Amino acid sequence: MDGEHAERDQLSDAPWWRSAVVYQIYPRSFLDTDGNGVGDLPGIERRLDYLRWLGVDALWLSPIYPSPMADFGYDVADYCDIDQLFGSLDDFDALLEKAHERGLRVLLDWVPNHTSDQHRWFQASRSAREDPQRDWYIWRDEPNNWVQAFADESAWTYDEVTGQHYLHLFLPEQPDLNWNNPDVERAMHEVLRFWLDRGVDGFRADVVHLIGKNPELEDDPSEVAGTSRVSRHDEPVTHGLLRRLRGVLESYEGDRMMVGEVNLEAHEQIVDYYGAGDELHLAFNFVPLWTDWKASGWRSVIAEMERVYQEAGAWPTWVLSNHDVPRHRTRYGSLRRARAAALLVLTLRGTPFLYAGEEWGLEDAEVPPERVVDPGGRDGCRAPLPWDATPDHGWASADPWLPWPPEAATRNAASLREETGSILHLYRRLLAARKKSPALSGGTFTPLDTAAEDVLGYRRRHDTDERVVLVNFSDRPISQKLEGGWQVEVSSGGADGRHGEPYDGALQPEEAVLLRPDRG
Ligand code: TEU
């Protein structure tokens with residue numbers, strides 16, 4: 001078999017999640033149908049046709065399990081049920097069925113590192129030192145010097161009931177599970193099976209790099225003491241746990257998958273969590289997310305990722321926004337940049353993860369002090385999604401749990417859908433272009449030497465299918481000629497006019513273009 005054939009076969013045999021675009025839904029903020037001010041599962045079901053129209057392939061739902069909501073669902077009180085705020089298991093089954101009917105896969109958020117302190121496992125564990133579930137969590141007489149996320153305070157809380165401290169890398173309401181205990185591992189495998197049996201396509205695994213704990217729980221060295229462990233914790237023991245989780249997924253038909261939140265800072269550390277193709281299928285990488293809107297920064301982060309991921313045989317992921325960080329529209333400071341970023345994130349080599357509302361160019365809400373609810377200060381990016389221009393924006397509640405994002409009267413799904421030049425139509429056009437191009441969905445990546453320092457350029461190729469992407473990061477028009485004849489397939493610029501025109505070498509300020517060979 002010649003080389004080209006091998007490459008084609010690899011692409012057509014590739015599992016769905018390599019070519020998919022995943023859309024993250026934060027259910028509390030998506031759409032409320034019962035008037036309690038919080039989004040719900042029937043709200044998601046009502047918008048499945050919209051999501052199909054948009055052209056995404058899979059949905060990831062942030063946690064929908066029963067929870068006291070100390071961390072808005074990332075404190076799970078029961079892994080095998082639905083919080084009544086969101087609906088019922090019947091609502092979930094209906095949603096899953098209707099999503100599948102429309103060709104949309106569904107990933108659940110699975111929170112393996114910690115439970116809620118209201119979970120019955122923790123209730124039992126804290127009840128007595130002799131309780132059979134005592135060792136399901138991490139109890140010590142003497143705390144070490146670890147610090148929790150969201151506060152510069154100890155990661156240990158003293159529990160009077162039994163006179164010991166328990167570990168929580170996040171809030172005191174989120175005690176860490178002890179994955180060194182095989183009973184915990186077994187119970188968690190059962191949780192995955194519960195949902196896999198119901199038909200889910202996989203999971204997004206919350207801070208999964210934290211689950212393995214060094215049994216010695218050594219103090220952090222002085223140079224990092226006093227800072228949260230989340231982006232440093234990287235224990236070898238976690239890899240064995242991940243291989244066995246992979247085994248659970250692979251015992252099912254249909255390419256069930258797991259994308260892990262591996263919140264580490266070096267690409268080399270992140271790709272480790274793919275193992276030898278026997279650990280996570282995918283891992284988030286937040287390094288690009290924290291890269292400023294500059295050609296030089298993006299050029300080097302992409303080159304580094306290409307090098308490290310190729311070497312490791314790991315498939316990259318791309319994320320610009322999620323429920324934990326200010327939206328990229330807000331970070332980058334303009335709609336024009338958000339539009340160029342959309343073209344970038346949907347044409348790089350790897351699986352993109354979109355965050356609901358980014359396709360409308362939403363900015364973070366301004367949340368006045370009296371309405372702040374999140375202990376981590378992340379309310380702005382979690383603002384409810386405005387679906388139309390009416391005062392309640394399509395929600396069944398006049399007063400949702402967080403304030404609306406800016407300009408909701410015009411920056412909403414219905415209004416943007418009417419404007420063919422809107423960012424919403426740009427996302428839709430990009431998703432369609434990506435779907436029909438093997439070069440974009442799975443082809444090779446080659447950086448282009450561009451004359452202008454402010455222009456990032458690359459070529460994607462698979463067999464005879466070829467695309468070129470140019471991104472002008474500067475706020476000036478730039479001339480960037482290309483060899484051969486090219487046509488503008490999609491431009492991030494506001495006007496529709498350019499689509500289908502020959503590429504003349506002129507880039508508008510902060511314009512990104514997707515080019516295809518001009519065969520005409
Ligand atoms: O986030 C983990 C995580 O690393 C975040 O705490 C991040 O560092 C912080 O939000 C930056 O502001 C995951 C979930 O995505 C997050 O919503 C949860 O609060 C957290 O785990 C605990 O489950």
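How much space lies in the largest cavity? About 50 Å³.

## The model

This is a predicted model, in which local features need pLDDT of at least 70, side-chain atom pairs count only at pLDDT 80 or more, and totals for chains, interfaces and linings use all residues. Residues are numbered from 1 along each chain as its sequence is written, and side-chain values use heavy atoms, with hydrogens and water left out.

## Cavities

Rolling a probe the size of a water molecule over the atoms shows where empty space is left. Here a 1 Å grid is laid over the protein atoms alone; a cavity is a set of points where a 1.4 Å probe fits but cannot get out, and lining residues have an atom within 4 Å of a point. Points are joined across faces, edges and corners, and a volume is the space filled by probe spheres set on them. The count is three cavities of 30 Å³ or more.

Residues lining the largest cavity include Ile25, Tyr26, Phe30, Arg327 and Tyr355. By class, this lining has eight nonpolar, one polar and one charged residues. Ala, Val, Leu, Ile, Met, Phe, Trp, Tyr, Cys and Pro count as nonpolar, Asp, Glu, Lys and Arg as charged, and the others, Gly among them, as polar.

The second largest cavity has a volume of about 40 Å³. Arg327, His328 and Glu358 are among its lining residues. That lining divides into three nonpolar, three polar and three charged.

## The largest pocket

A pocket is an open set of points with protein on both sides within 12 Å along at least five of seven lines. The largest pocket has a volume of about 630 Å³. It is lined by 32 residues, and Phe150, Val230, Glu261, Asn263 and Asp324 are the closest to its centre. The lining has 15 nonpolar, ten polar and seven charged residues.

## The ligand

Where is the ligand? The space it takes is the largest pocket (more than half of its atoms lie within 2 Å of the grid points). The ligand is surrounded by 16 residues (each with a heavy atom within 4 Å). Asp71, His114, Asp206, Asn263 and Asp324 are the closest. This shell has five nonpolar, four polar and seven charged residues.

A polar side-chain atom of Asn263 lies 2.5 Å from a ligand oxygen atom. For Asp324, a side-chain N or O atom is 2.5 Å from an oxygen atom of the ligand. For Glu261, the distance is 3.2 Å. The protein covers 85% of the 490 Å² of accessible area that the ligand has on its own (Shrake-Rupley method, 1.4 Å probe).

Note on methods
Polar contact = N/O pair within 3.5 Å; in protein donor to acceptor, adjacent residues only side chain to side chain.
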